[in-house]
Amino acid sequence: AADILLYKATAVPVGDDQRQHLELTRDIAKKFNHDFRKQLNSLGYDEDYFPLTETLSTGPAMRVMSLKDGSKKMSKSDASDMSTIYMMDDADTIARKIKRATTDAAMLPSEPAGLAGRPEAENLVAIYAALADRSVEGVLAEFGGQGWGKFKPALADLAVAVLSPIAGEMKRLVGDKGEMDRILRDGADRARTIARPIMAEVREIVGFVR
C-alpha cells in the first residue's frame, strides 16, 4: 500500500488475487485524507491528498490456474514442475507443458456457459484468450466443437510465440550485469524524482516538518 500511495497512483493493474491489497490501499488513503483534513486545508489542499486507487483488473486469465489442476492457482511452489510455465522456459518446454496439460474428455463448447464445471478447460481457454488478446467468446467461436488434439497444439504455438521472446530478453539481461545495473539505477532515479516531493509533503502534513 505504501508503494502505491508514495506515487499517488490512480490505478494499478493487478491479478484477481491482489484485489485485497488495493482495498487496503484505498482504506489507508481514506483515513489519511479524513484524519488530516484540517492540516490539508491549512496548507492549501482543497481536495483529498491521496487518490482512491482503482483496480485495473479486466480481461481473461486474471487468475491463471495450474496446468495440472484447474482448481488451484498456477504457482512456482507446486510440487509438479509441469503445472507452471516460467517466464524463462524455452520454447520446447512451454510447448511440452501445454500439450501435457490436464483436460477432460469433452469437446470445447461454442459458448462460455459450456465451460461451467470444467476448470481445466476454462483455464486453458482463458490462457489462449489472454495471450491472443481476444475474448473467451471469440476463442470458443473459433474452436467450439473441436477436441483438445486441435486446441492444445494451437495454444502451444501461441504461447511459444508470445512468451519465447520475453524469455530470450530476460536471459539476455540476466547475462549482462552492467545493463541490469543501469536499468535498476535508472528506475531508482526516476522513482526518487516522483516520490521525494510527495514524501516531503506528507511529512509536512502530519507535522514532522515545522
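Biologist: Which residues of helix 6 are buried, and what puts them on the same side of the helix?

Modeller: The buried residues of helix 6 are Val-136, Val-139, Leu-140 and Phe-143, where buried means under 20% relative accessible area, exposed over 50% and partly exposed in between, with a 1.4 Å probe and protein chains only. They cover an arc of only 95 degrees around the axis, so they lie on the same side of helix 6, the arc being that of the directions from the helix axis to the C-beta atoms. An α-helix has 3.6 residues a turn, so residues three or four places apart point the same way. Helices (H or I, at least four residues) and strands (E, at least two) are DSSP runs, numbered from the N terminus.

This is a predicted model, in which local features need pLDDT of at least 70 and side-chain atom pairs count only at pLDDT 80 or more, while totals for chains, interfaces and linings use all residues. Residues are numbered from 1 along each chain as its sequence is written, and side-chain values use heavy atoms, with hydrogens and water left out.

Biologist: What do the buried residues of helix 6 pack against?

Modeller: They pack against helix 5 and helix 7 (148–174), contact meaning heavy atoms within 4.5 Å. Just after helix 6, Gly-145 takes a positive phi of about 85 degrees.

Biologist: Why is the pair of Phe-32 and Phe-50 called edge-to-face?

Modeller: Rings of Phe, Tyr and Trp (its six-membered ring) pair if their centres lie within 6.5 Å, and planes under 30 degrees apart count as stacked, over 60 as edge-to-face and the rest as tilted. The structure holds nine aromatic pairs; in the one formed by Phe-32 and Phe-50, the centres are 4.9 Å apart and the planes stand at 65 degrees, which is edge-to-face. Phe-32 lies in helix 2 (residues 19–35) and Phe-50 in the loop between helix 3 (37–42) and strand 2 (54–56), so the pair ties together parts that are 18 residues apart in sequence.

Biologist: How do you know that Phe-32 and Phe-50 are buried?

Modeller: Phe-32 has 11% relative accessibility and Phe-50 has a relative accessible area of 7%, so both fall under the limit of 20%. The pair of Tyr-128 and Phe-143 is edge-to-face as well, because the ring centres are 5.3 Å apart and the planes are at 70 degrees. Tyr-128 lies in helix 5 (residues 119–132) and Phe-143 in helix 6 (residues 136–143), so this pair ties together parts 15 residues apart in sequence.

Biologist: What makes Ser-83 count as buried, and which side chains does Ser-83 join through polar contacts?

Modeller: Ser-83, in the loop between strand 2 and helix 4 (91–99), counts as buried because its relative accessibility is 0%. Its side chain is joined to that of Asp-78 by a polar contact of 3.4 Å and to that of Thr-84 by one of 3.2 Å. A polar contact is a pair of N or O atoms within 3.5 Å; within protein, one must be able to donate a hydrogen and the other to accept it, and residues adjacent in sequence count only if both atoms are side-chain atoms.

Biologist: How many residues has the largest nonpolar core?

Modeller: This core has 26 residues, and those with the most contacts inside it are Leu-124, Val-125 and Phe-151. A nonpolar core is a set of buried Ala, Val, Leu, Ile, Met, Phe, Trp, Tyr and Cys residues joined through side-chain atoms within 4.5 Å. The largest share of this core, seven residues, comes from helix 7.
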